[in-house]
Amino acid sequence: MSALLFIGGRIFGSPAADAVAVRDGRIVAVGPRATVLPELAGGAFDVVDLDGRALVPGLQDAHIHPVSGALERLRCDLTPWHTKAEYLAAVAAYPGSGWITGGGWSMAAFPGGLPHRDDLDAVAPDRPVFLPNRDHHSAWVNSRALSLAGISRVTADPPDGRIERDAAGEPTGVLHEGAMDLVTGLLPADTAEDYDRALAEAQRHLFSLGVTGWQDAIVGAYAGARDQFDTYLSADAAGALRARVTGALWWDRAGDESQIAFFESRRAAASHGRFRATAVKIMQDGVAENFTAAMIDPYVGQGAHCGHSNVDPAHLARYVSLLSAAGFGVHFHAIGDRAVRECLDAVAAAGPSTARHHLAHLQVVHPADVPRFAALDVTANIQALWATHHEQNDTLCVPFFGPERSGWQYPFGSIARAGGRLAAGSDWPVTTPNPWWAIHVAVHRTEPPVSAEADWPTSQVPMLPREALTVEQALTAYTLGSAYVNGTDDLTGSIEPGKAADLVVLDRDPFEPDAKLYDTAADLVFIDGQVVHER
């Protein structure tokens with residue numbers, strides 16, 4: 001279709017408009033039908049009758065791991081299940097005779113968030129097992145894997161990780177953070193063909209959800225995963241990559257500023273086409289559930305333990321200054337309030353810049369740091385689906401934060417009211433890439449009622465309702481906000497003349513009072529005016 005006319009429904013971002021014209025992949029007019037029609041005069045065009053549905057820009061995921069997500073879908077995928085018994089049944093049924101890999105287990109399924117090697121030994125005694133959890137900050141392994149890796153009671157914890165041990169000092173089968181690398185070097189190497197297939201599956205799946213672009217939050221070798229930079233380049237060169245993708249190049253926590261020259265060479269190699277490598281990912285801390293998130297004050301009941309900063313704050317400030325000067329936007333992982341502050345301090349030390357820095361996750365933000373997002377022009381990259389009273393948060397985070405810090409969780413509304421910009425992402429495969437589940441949570445601060453977490457007793461009690469967003473704010477975060485951090489806002493993110501026709505016809509108008517946001521689906525998805533998904 002070289003020309004399209006959309007009529008008969010809501011046009012997001014243009015309340016007075018009832019028509020959008022597209023020609024040769026670009027939006028040429030938005031407004032009343034009488035003023036839009038002349039833009040298509042003199043040629044044939046197809047009419048898309050919205051019939052009361054909404055037309056929105058293609059959604060963009062600002063923090064996602066699509067290749068890893070698709071690989072898990074293609075292997076021993078535990079994400080559909082939610083109990084220990086279901087996980088073990090999936091492991092027992094996994095075909096083959098070698099390593100069992102995949103992952104996606106929930107910490108909430110186990111006491112204290114910690115599974116045990118004995119359970120895996122019972123269902124896979126002769127096959128080594130390595131299964132990362134949903135957030136990919138810990139892995140569950142069996143005795144066979146521990147033996148192959150030479151991990152025993154005398155094995156020292158690596159500087160950036162921890163081996164979980166029982167009272168006698170024996171490894172229990174859970175490896176946190178850098179301790180996973182004691183095993184990952186033994187895993188069967190993924191092939192280029194594995195990654196090509198995974199990227200194709202990820203793109204298909206994301207298109208079906210109305211996601212037309214994303215920022216891959218780790219482009220580089222990490223936690224046993226191979227570097228997918230060449231995967232993107234080859235898919236782009238072959239014309240197989242239709243989505244607009246920004247790569248966040250992985251900052252080696254053990255390295256220093258000498259990495260920047262390598263990043264610059266990668267950016268030059270990905271300087272055209274659908275894939276651009278214009279961001280750098282720095283993971284400043286871990287996660288709260290295993291006490292590796294960096295907190296200003298100690299975790300409750302954990303002595304003086306305040307988590308771990310992966311990069312020394314003084315070094316971080318120097319690195320961010322150099323990256324800003326080189327024109328890279330820094331994509332920070334920051335869960336704890338100390339990590340958030342360290343990242344904001346680093347941006348402040350770097351000084352004014354056109355680089356598009358953003359902090360992802362933001363589980364705990366000290367109130368004094370909320371206005372700094374706007375003041376420093378740092379985007380809050382939110383994973384809204386996490387902002388509920390789900391079991392993992394209520395049992396593994398809240399008791400160790402204490403009541404005051406628990407009230408500082410996911411302050412999306414406060415950041416927005418202070419003038420901060422919001423982008424949005426899923427962190428798939430940590431959680432579902434369905435943006436409408438996340439938008440539901442951003443607006444209601446409750447679990448989607450169809451979620452497996454919805455049977456937790458407090459899941460329908462709003463978590464800090466003052467931090468809720470409007471539908472417009474949440475959808476703008478998933479469109480123009482994410483386009484901004486992805487560096488594609490000149491072309492995408494809003495429905496305006498001159499922009500690419502990356503558009504989604506929803507199955508409903510999500511602004512209607514009775515709209516079930518979590519149930520919203522994409523009926524038609526266009527990139528450059530061409531259909532890439534039809535429901």
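## Rings, charges and a core

Tryptophan 250 is buried, at a relative accessible area of 11%; buried here means under 20% relative accessible area, with exposed over 50% and partly exposed in between (1.4 Å probe, protein chains only). Bear in mind that this is a predicted model, where local features need pLDDT of at least 70, side-chain atom pairs count only at pLDDT 80 or more, and totals for chains, interfaces and linings use all residues. Residues are numbered from 1 along each chain as its sequence is written, and side-chain values use heavy atoms, leaving out hydrogens and water.

Tyrosine 222 also counts as buried, at 16% relative accessibility. A search of the whole structure turns up 16 aromatic pairs. Rings of Phe, Tyr and Trp (its six-membered ring) pair if their centres lie within 6.5 Å; planes under 30 degrees apart are stacked, over 60 edge-to-face, and the rest tilted. Here are two of the tilted ones:

| Pair | Centre to centre | Angle between planes |
|---|---|---|
| Tyrosine 222 and tryptophan 250 | 4.8 Å | 55 degrees |
| Tyrosine 410 and phenylalanine 412 | 6.0 Å | 55 degrees |

Tyrosine 410 and phenylalanine 412 are both buried. Arginine 445 lies over the face of phenylalanine 412, 5.4 Å from the ring centre, and arginine 266 does likewise over phenylalanine 229, at 4.1 Å. For that, NZ of Lys or CZ of Arg must be within 6 Å of the ring centre and within 35 degrees of the ring normal.

Trp251, Phe262, Phe263, Tyr319 and Phe328 make up one aromatic cluster. Beyond its neighbours within four places in sequence, leucine 323 is in contact (heavy atoms within 4.5 Å) with residues including Trp251, Phe263 and Phe328.
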